[in-house]
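Take a look at the protein below.

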Amino acid sequence: MTETLSISATAHGLNYLPEYYADHAGLFAARGLSVQAKACDPWTGVLDDLDSGVADVALGGLWVPGMYWGTSRQLTVFAQLNHQFPKALVMREAPSGDFDWSLVTGKTVLAPGIGGSAPYAITAGMMRESGVDPADTTFLRDLSTQMFVELFQDGLGDAIILDITTAQVLSDQGAGQIVVEYADAGGLGPNSVYYCRTDRFDELSDKLIRFTTALGAAMAVVKRTPVQELEPLLAQHWPQIALPTLSAACERIQRSNTWDTVRIDADASDRWMRILQEEGMVRTTPQFADLVATRIVDGAELTTVG
């Protein structure tokens, strides 16, 4: 008997590839699941879908359950898809030496925010951790990636924060240089996580365990598989992007720890919440145990990626 699990996601991105691979390779089906996934536009539709029951699960940033913790909207996080922040800073020219966050002091940085505040928040957090005050940088925020990319290409700003794929597009076009990847500079962080309504967690647990088992298996394969073998799936999901660009972006993510594990690191979660508190995005700092129920990952049959 096949059961359906519905997922509403905040985006349709390359960093979500292990989920798409699990569906493509029949890993969900082998565990009696039919996973129905869609990307919401605007992304806040994931919350509407959880409310209405259209979605069993939402996929997006941990910062959303973090901001809602302690409110009337009760959400439970059970696994992650990204173990790091798969973003990059693109500047018009590469620095002559090693990258340092002081290079953006006095500069204007475009921080797309129509999909949420995370790109700016994690950048500001990493700057503070390195001893650089983000207040000394001008951040332009709250517009879409597409709009900011167009404006950057036409001369606005000194740098732009982008997902790895879009950063690779600009690099391949000669419109900018990737000066730092957040996976290299930012350590671990649960960038994209799965969560559900707390009042449905027990009801969904069996399906979530099977889903997470399949996802962990897919993650192990996608991490190690030569990109050439993944190219048909890449082309299927992002036909509008040149395949060499997609492949280069995929290789960048493979080299990082982004697809290492579905298990959320407690210290990384607490660090991310601390950064949000420094930005005033949460009233109090929720701890790992406040946000994450480990029962699903504990019950899943996982393959560790090393």
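## A strand and its partners

Strand β5 pairs with strand β9 (residues 177–181) in the antiparallel sense, over four bridges. Keep in mind that this is a predicted model. On the β9 side, M91 stands opposite Q177.

β5 has another partner. It is strand β8 (residues 159–163), again antiparallel, with five bridges. Here M91 stands opposite A159. The table sets out the two pairings.

How many of the five residues of strand β5 are buried? Five of the five, across residues 87–91, so β5 is largely enclosed by the rest of the structure. Buried here means under 20% relative accessible area. The side chains of β5 point two ways. K87, L89 and M91 point one way. A88 and V90 point the other way. Both groups are buried.

## A loop residue

Now turn to D136. Where is it found? D136 sits in the loop between helix α4 (118–129) and strand β7 (138–141). Its relative accessibility is 47%, so D136 counts as partly exposed. That class lies between the 20% cut-off for buried and the 50% cut-off for exposed.

Which residues does D136 touch, leaving aside its neighbours within four places in sequence? D136 is in contact with T105 and G106. D136 and V104 are 32 residues apart in sequence. In space, their C-alpha atoms are 8.5 Å apart.

## The whole protein

Step back. The protein has 13 helices and 10 strands. Its radius of gyration is 19 Å, close to the 19 Å that the globule rule gives for 306 residues, so the protein is as compact as a globular protein of that length. The C-alpha atoms fill a box of roughly 60 × 45 × 35 Å along the principal axes.

Buried residues make up 55% of the 306 residues. The protein exposes about 12900 Å², and carbon and sulfur atoms supply 46% of that area.

Contacts reach along the chain. Take those between residues at least 6 apart in sequence: 81% join residues at least 24 apart.

Last, the charges. There are 21 positive and 38 negative side chains. The centres of the two sets lie 3 Å apart.

Note on methods:
Residues are numbered from 1 along each chain as its sequence is written. This is a predicted model: local features need pLDDT of at least 70, side-chain atom pairs count only at pLDDT 80 or more; totals for chains, interfaces and linings use all residues. Side-chain values use heavy atoms; hydrogens and water are left out. Helices (H or I, at least four residues) and strands (E, at least two) are DSSP runs, numbered from the N terminus. The radius of gyration is taken over C-alpha atoms; the globule rule is 2.2 Å times the number of residues to the power 0.38. Buried means under 20% relative accessible area, exposed over 50%, partly exposed in between (1.4 Å probe, protein chains only). Contact means heavy atoms within 4.5 Å. Accessible areas come from the Shrake-Rupley method with a 1.4 Å probe; for residues, only the protein chains shown count as cover. Lys and Arg count as positive and Asp and Glu as negative; His and the chain ends are not counted. The place of a charge is taken as NZ of Lys, CZ of Arg, CG of Asp or CD of Glu. Two strands pair if DSSP finds at least two bridges between them.
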